[in-house]
Amino acid sequence: MHSMIQKATATPEKARGRPAAFDTEAVVARAVPVFWRCGYKATSLAELEQELGVNRSTLYNSFGGKEGLYRAAVEAYLNDVGTLLFKPLKQGTRGLEDLVAFTDRHRQSLTDPAIPPGCMLVNAMVTGEAPEAIEQYLRSFRDVVEAALERAAALGEVSPNRHSGLASVFLTSTLGINLAAKSGMATDQL
């Protein structure tokens, strides 16, 4: 999950106008944890300017404003979650062991102090932000969990006719753990 909160390699300039070495990917990467911590509505343009090291006009010129930057940050987050958490679960071969490995990766991300608490999109569910991205996230999450449980059924680890119900339980539990992390539950309790 560290790529979700990576720092830009270029130092932001304080000169007038757009910096010569403006890196939109780096700005988006730095925006992810800001929106993750605060959400779209609670994040001010002044906070984005300070955290990202770019001025308001650059945000509007490059992203169309705060909303465009938020969409880019959500897309970057979805890509990272897809690569770091969902892809190994979808492409695994070990059934229940793949779910255990997912749970271990998830726990590591929740207990890493460098990563904001919870899940950016689960946090957005609470505030009603990014409904399309949330729908995509939930659909992708369910798909990869069901794929792992189908492999587990093929390996004889779970009943073949129960993997859909188990997927719902796994999904709900994971989302609840993300909410608990966001609400400040101690990491040793997660």
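Here are some questions and answers on how parts of this predicted model are described.

Visitor: Why are H2 and H3 called roughly perpendicular to each other?

Guide: Look at the angle. The axes of helix H2 (residues 45-52) and helix H3 (residues 56-63) cross at roughly 90°. Angles of 65 to 115 degrees count as roughly perpendicular. H2 and H3 are therefore roughly perpendicular. Their axes come within 9 Å.

Visitor: Which residues in H2 and H3 meet?

Guide: From H2, Leu45, Ala46, Leu48, Glu49 and Leu52 take part. From H3, the partners are Arg56, Leu59 and Tyr60. By class, that contact has six nonpolar, no polar and two charged residues.

Visitor: Why is alanine 130 called buried?

Guide: Its relative accessibility is 15%. Buried means under 20%. So alanine 130 counts as buried. Alanine 130 sits in the loop between H6 and H7.

Visitor: What is phi of alanine 130 near?

Guide: Phi is near 55°, a positive value in a residue other than glycine. Most residues other than glycine have a negative phi.

Visitor: How many residues has the largest nonpolar core?

Guide: The largest nonpolar core has 45 residues. Among those with the most contacts inside it are Leu69, Met120 and Leu121. H4 gives the most to this core, with 10 residues.

Visitor: How do you know what leucine 121 is in contact with?

Guide: Contact means heavy atoms within 4.5 Å. Leave aside neighbours within four places in sequence, and leucine 121 is in contact with Val74, Tyr77, Leu78, Ala133, Ile134 and Tyr137.

Conventions. Residues numbered from 1 in each chain as written. Predicted model: local features only at pLDDT ≥ 70, side-chain atom pairs only at ≥ 80, totals over all residues. Heavy atoms only, no water. Axes fitted to C-alpha atoms, helices over the stretch in contact; angles between N-to-C directions. Helix = DSSP H or I, 4+ residues; strand = E, 2+ residues; numbered from the N terminus. Parallel < 35°, antiparallel > 145°, perpendicular 65-115°, else oblique. Nonpolar A, V, L, I, M, F, W, Y, C, P; charged D, E, K, R; others polar. Core = buried A, V, L, I, M, F, W, Y, C linked by side-chain atoms within 4.5 Å. Buried < 20%, exposed > 50% of the residue type's maximum accessible area, 1.4 Å probe, protein only.
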